[in-house]
Amino acid sequence: MHPIHIVALLAVMQFFYFGAKVGRARAQYGIKAPAVTGHEMFERAYRVQMNTLEQLVGFLPALLIAGAYWPQAAVAAIGAVYLIGRALYRHQYMQDPARRATGFALTVLPTAILLLAGLVGAIAR
Amino acid sequence: MHPIHIVALLAVMQFFYFGAKVGRARAQYGIKAPAVTGHEMFERAYRVQMNTLEQLVGFLPALLIAGAYWPQAAVAAIGAVYLIGRALYRHQYMQDPARRATGFALTVLPTAILLLAGLVGAIAR
Amino acid sequence: MHPIHIVALLAVMQFFYFGAKVGRARAQYGIKAPAVTGHEMFERAYRVQMNTLEQLVGFLPALLIAGAYWPQAAVAAIGAVYLIGRALYRHQYMQDPARRATGFALTVLPTAILLLAGLVGAIAR
């Protein structure tokens with residue numbers, strides 16, 4: 001078993017799930033492509049997807065590079081916090097964008113730890 | 001030869017090509033940065049680029065991780081379908097955003113297969 | 001020391017730094033999520049972040065794949081030009097979006113070189 005690869009692939013699947021929700025909101029609120037505005041709930045779903053895109057682009061290399069230097073289980077466990085944080089972020093953001101702080105922190109923090117762990121590993125070894 | 005790396009780099013080049021098309025549309029329709037709206041054809045080119053960005057962020061790790069567990073040629077061949085699907089997606093979207101379904105499916109399907117193949121590999125081996 | 005990993009992680013950190021600047025501009029100019037328009041300076045910061053996202057998604061795989069075929073120090077040095085180019089790009093764009101060409105070229109050029117170097121390596125070896 002390669003737990004880091006599993007976490008990486010689950011993070012991608014979660015992102016695509018958020019994207020599917022945007023597609024559904026597009027249909028539900030009658031927002032025709034290429035428009036990305038027109039209904040508050042569509043815009044929330046879209047912003048969640050975009051923010052997750054931004055986070056994922058940093059999370060994946062941080063996860064994989066940290067995994068080249070540190071124990072697989074520890075790196076994967078930190079990555080799992082990201083997955084939970086993102087799920088919470090979407091849930092909170094859809095209810096009220098002003099309440100997105102906890103989920104956001106639980107995404108940014110594990111990524112920051114993995115970035116620093118990877119940097120220490122890449123410098124020291 | 002490393003066919004998976006070739007497909008990965010071609011997917012990045014294709015994405016940058018779509019980005020160059022957005023730059024050209026920006027000049028052609030007089031949309032000055034930072035605006036991203038103002039002309040239907042510019043907005044289509046921009047949405048194609050953004051959607052390709054979303055897809056690429058999932059496709060690349062799925063391709064590379066699947067390649068760690070399955071035969072190179074098979075993984076690269078599935079990846080090549082993504083490249084063709086994206087080219088079709090852009091072509092269709094620029095003609096009529098409502099007709100983008102085939103190209104979209106031919107991008108999402110190979111990525112979904114690679115995600116599942118990678119997940120099975122990462123769990124089983 | 002693994003200089004390519006260091007450059008990759010620094011590129012991610014730079015991107016997150018640009019993202020933090022967007023968050024700050026959001027507060028400063030009173031742009032409430034999910035809105036991404038409303039003040040010229042916020043829109044500039046947002047466009048810098050989005051353009052960096054587009055570049056990073058291509059830069060990271062190009063850097064890592066080129067690093068599989070060519071000397072670490074050379075690949076990392078080309079990657080370092082990207083980091084400097086992006087810093088310049090943001091500086092120029094915030095001052096005047098029309099003056100973003102130099103920084104943009106210093107990001108696109110190293111990525112293009114890495115893409116071609118990776119492609120040559122993946123085909124020839």
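B:Ala8 touches B:Leu60, B:Leu63, B:Leu64, C:Pro61 and C:Ile65, leaving aside residues up to four places away in sequence. Touching, or contact, requires C-beta atoms, placed from the backbone, within 7 Å. The model is predicted: local features need pLDDT of at least 70, side-chain atom pairs count only at pLDDT 80 or more, and totals for chains, interfaces and linings use all residues. Residues are numbered from 1 along each chain as its sequence is written, while chains are lettered from A and ligands numbered from 1 in the order in which they are written.

B:Ala8 also belongs to the residues with the most contacts inside the largest nonpolar core. That core has 111 residues. A nonpolar core is a set of buried Ala, Val, Leu, Ile, Met, Phe, Trp, Tyr and Cys residues joined through C-beta atoms within 7 Å. Buried residues have 20 or more other C-beta atoms within 10 Å of their own; exposed ones have 12 or fewer, and partly exposed ones fall in between, with C-beta atoms placed from the backbone.

Chain A has four helices and zero strands. Its elements run α-α-α-α from the N terminus on. Helices (H or I, at least four residues) and strands (E, at least two) are DSSP runs, numbered from the N terminus. The C-alpha atoms of chain A fill a box of roughly 55 × 25 × 20 Å along the principal axes. Chain A has 125 residues, of which 50% count as buried. Of the contacts in chain A between residues at least 6 apart in sequence, 68% join residues at least 24 apart.

At the A–B interface, 17 residues of chain A are in contact with 15 residues of chain B. Helix H1 (3-28) and helix H2 (40-66) of chain A each give two or more residues to the side of chain A that touches chain B. H1(A) gives the most, nine residues. This side of chain A has 14 nonpolar, three polar and no charged residues. Ala, Val, Leu, Ile, Met, Phe, Trp, Tyr, Cys and Pro count as nonpolar, Asp, Glu, Lys and Arg as charged, and the others, Gly among them, as polar.

At the B–C interface, 17 residues of chain B are in contact with 15 residues of chain C. H1(B) gives the most to the side of chain B that touches chain C, with nine residues.

C:Ala122 lies in helix H4 (residues 101-124) of chain C. C:Ala122 is buried, with 22 other C-beta atoms within 10 Å. Leaving aside residues up to four places away in sequence, C:Ala122 touches B:Met1, B:His2, B:His5, B:Ile6, B:Leu9, C:Ile65 and C:Tyr69. The C-alpha atoms of C:Ala122 and C:Tyr69 are separated by 7.5 Å, although the two residues are 53 residues apart along the chain.

Definitions and conventions:
Contact = placed C-beta atoms within 7 Å.
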